[in-house]
Amino acid sequence: METRVTKLLGIEYPIIQGGMAWVANANLAANVSKAGGIIGAANAPGEWVRSEIRKAREITDKPVGVNIMLLSEHIDEVAQVVVEEKVSVVSTLSLIHI
């Protein structure tokens, strides 16, 4: 199936898995990534998120996104990690920014 989202993200299906806090880790996001996996950052510190991004990239060459919880006490450092790691898809609550 080819849509604007599949072309943009280099994925097969226009499906994006939500960032579920403490459930959507590197393993889930990377294995779902063929259709649009997202790591749920929850209230985790930036270095945990960086580690999960890198683990996911070891599992898949497809884009892996990160869900940033806006009420997190670590939001600034997580946002910085997302920028540094050049994450292509970021969601905040129910909004997805591509």
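Start with Lys-86, which counts as exposed at 68% relative accessibility. Keep in mind as you look around that the model is predicted. Lys-86 lies in the loop between helix 4 and strand 3 (90–92), and its phi is near 55°, a positive value in a residue other than glycine. Most residues other than glycine have a negative phi.

Next, select Ala-42, where phi is again positive, near 50°. Is Ala-42 buried or exposed? With a relative accessible area of 6%, Ala-42 is buried. You will find Ala-42 in the loop between strand 1 (38–40) and helix 3.

Now show helix 3 (residues 46–59) together with helix 4 (residues 75–84): they pack at an angle of about 30°, with their axes 8 Å apart. Angles under 35 degrees count as roughly parallel, so helix 3 is roughly parallel to helix 4. The crossing of helix 3 past helix 4 is right-handed.

To see the contact itself, colour Gly-46, Glu-47, Val-49, Arg-50 and Ile-53 on the helix 3 side, then Glu-77, Val-78, Val-81 and Glu-84 on the helix 4 side. Sorted by class, this contact has four nonpolar, one polar and four charged residues.

Finish in the largest nonpolar core, which has 15 residues; Val-49, Ile-53, Val-66 and Val-82 touch the most other members. Helix 3 and helix 4 are the elements that give two or more residues to this core. Centre the view on Ile-53: leaving aside residues up to four places away in sequence, Ile-53 touches Ile-39, Val-66, Val-81, Glu-85 and Val-87.

Note on methods:
Residues are numbered from 1 along each chain as its sequence is written. This is a predicted model: local features need pLDDT of at least 70, side-chain atom pairs count only at pLDDT 80 or more; totals for chains, interfaces and linings use all residues. Side-chain values use heavy atoms; hydrogens and water are left out. Axes are lines fitted to C-alpha atoms, for helices over the stretch in contact, and angles run from 0 to 180 degrees between N-to-C directions. Helices (H or I, at least four residues) and strands (E, at least two) are DSSP runs, numbered from the N terminus. Angles under 35 degrees count as roughly parallel, over 145 as roughly antiparallel, 65 to 115 as roughly perpendicular and the rest as oblique. A crossing is left-handed if the near helix is turned anticlockwise from the far one by less than a right angle, and right-handed if clockwise. Contact means heavy atoms within 4.5 Å. Ala, Val, Leu, Ile, Met, Phe, Trp, Tyr, Cys and Pro count as nonpolar, Asp, Glu, Lys and Arg as charged, and the others, Gly among them, as polar. A nonpolar core is a set of buried Ala, Val, Leu, Ile, Met, Phe, Trp, Tyr and Cys residues joined through side-chain atoms within 4.5 Å. Buried means under 20% relative accessible area, exposed over 50%, partly exposed in between (1.4 Å probe, protein chains only).
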